[in-house]
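Here's a structure to look over together.

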Amino acid sequence: MNSDTITIGTRASKLALWQAEYIAAEIEKQYPTVRVELRRMTTKGDRILDAPLAKIGGKGLFTKELEQAMLAGEIDLAAHSLKDMPTEVPDGLVIGAVTERLDAGDAFVSVRYQSMEELPQGAKVGTSSLRRRAQLLAVRPDLKIHDLRGNVNTRLAKLDAGEFDAIVLAAAGLKRLGLGERIRMILPRSMILPAVGQGALAIECRADDMRILELIDFLRDPQMTAAATAERAFLRRVEGGCQIPVGVYAEVGAGNVLHVEAMISSVDGMRVCRSRSRGTPETAEKIGIALAEELLDVGGREILKEIGITV
């Protein structure tokens with residue numbers, strides 16, 4: 001790679017900046033003659049903080065402005081939390097690399113309580129995720145779940161101010177910001193399946209920019225790429241881009257076997273359709289779609305219809 005300068009677009013939150021700076025540092029380490037610049041941008045998801053994500057547009061809220069800048073040639077790439085990316089990438093763009101997954105888990109964070117089990121009856125828990133809300137209520141229907149928006153530090157500040165008994169955040173985000181000590185417990189996947197791609201980063205760029213695609217290929221993790229393919233195929237089949245009570249987790253285990261587990265839940269957590277499947281990494285997309293069809297057929301379709309989604 002010859003001497004060059006590339007531009008990474010990023011949201012201005014601390015976590016988004018960490019992600020962009022991490023990718024920039026990895027590129028500069030891999031290619032000492034390449035200089036990486038960051039361009040900070042604000043997305044609709046950053047501006048609207050007083051409404052639940054599901055009511056204002058879902059995942060694309062955090063990517064649209066960055067994608068427009070890429071298509072206009074103003075930036076070369078963007079580093080996203082994979083869980084924030086819609087299942088459909090705009091024409092002209094592509095996910096050029098999916099990184100190794102740091103931690104897929106959801107973290108229980110509290111000032112007073114060490115675990116979910118310690119929470120008293122009727123405890124107030126904060127989250128912006130319908131997925132987390134539904135799965136928490138499935139195991140603790142007594143909890144009072146309230147919407148919690150804002151970046152990681154804002155959410156922690158609200159917890160510390162006594163507005164919540166506990167909050168649930170992505171473990172990977174806390175760890176990347178050096179806040180791992182705030183985690184009281186990682187909620188087991190038997191309790192809460194994570195969001196699609198949770199814990200991994202996605203590097204998005206123009207589909208025809210072979211220079212950038214070649215440059216970022218070293219960041220691609222093959223096992224996580226297979227897992228992400230299965231997870232995103234599942235989500236694409238059940239809803240596309242809206243935020244709904246769906247969890248899915250895939251990983252490549254011993255013998256190069258891809259294991260996938262997924263669930264569709266009613267918002268109140270009273271009905272949960274859950275199953276698992278396995279196969280080879282090469283059949284990841286087919287596994288994800290087949291698992292989605294299975295859950296839709298055993299009650300998932302009715303659940304989604306009740307919240308306004310026809311599949």
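Q: What do the buried residues of α9 pack against?
A: In this predicted model, the buried residues of α9 pack against β4, β11 (246-252), β12 (258-265) and α10.

Q: Why is α9 called largely enclosed by the rest of the structure?
A: A residue counts as buried when its relative accessible area is under 20%. In α9, 12 of the 17 residues pass that test, so the helix is largely enclosed. Among the buried ones are Met224, Ala228, Glu231, Arg232 and Leu235.

Q: How do you know what span is expected for α9?
A: The rule is 1.5 Å times one less than the number of residues. With its 17 residues, α9 has an expected span of 24 Å, and the model's 25 Å from first C-alpha to last is close to that.

Q: What makes α9 and α10 a packed pair, and at what angle do they pack?
A: Contact means heavy atoms within 4.5 Å. Helix α9 (residues 222-238) and helix α10 (residues 284-306) pack at about 35 degrees, and their axes are 8 Å apart. On the α9 side the contact includes Ala226, Ala230, Phe234 and Arg237, and on the α10 side it includes Gly288, Ile289, Leu295 and Arg301. Sorted by class, this contact has 12 nonpolar, 2 polar and 5 charged residues.

Q: Is the crossing of α9 and α10 left-handed or right-handed?
A: The label is right-handed. That word goes with a near helix turned clockwise from the far one.

Q: Why are β2 and β4 said to stand at the edges?
A: The sheet is open, and its 5 strands run in the order β2-β1-β3-β10-β4, with mixed pairing. β2 (34-41) and β4 (93-98) each have a single partner strand, so one side of each has no neighbour in the sheet. From one strand to the next, the twist averages 30 degrees.

Q: How do you know that β4 and β10 pair?
A: Two strands pair if there are at least two bridges between them. β4 and strand β10 (residues 201-206) have 5 bridges, in the antiparallel sense. Val98 stands opposite Ala202 in β10.

Q: Why does Leu187 count as buried?
A: The cut-off is under 20%, and Leu187 has 2% relative accessibility, so Leu187 counts as buried. Leu187 belongs to strand β9 (residues 185-187). Leaving aside neighbours within four places in sequence, its contacts are Asp106, Phe108, Met116, Leu136, Val168 and Ile192. Phe108 is 79 residues away along the chain, yet the two C-alpha atoms are separated by 6.5 Å.

Methods: Residues are numbered from 1 along each chain as its sequence is written. This is a predicted model: local features need pLDDT of at least 70, side-chain atom pairs count only at pLDDT 80 or more; totals for chains, interfaces and linings use all residues. Side-chain values use heavy atoms; hydrogens and water are left out. Axes are lines fitted to C-alpha atoms, for helices over the stretch in contact, and angles run from 0 to 180 degrees between N-to-C directions. Helices (H or I, at least four residues) and strands (E, at least two) are DSSP runs, numbered from the N terminus. Ala, Val, Leu, Ile, Met, Phe, Trp, Tyr, Cys and Pro count as nonpolar, Asp, Glu, Lys and Arg as charged, and the others, Gly among them, as polar. Buried means under 20% relative accessible area, exposed over 50%, partly exposed in between (1.4 Å probe, protein chains only).
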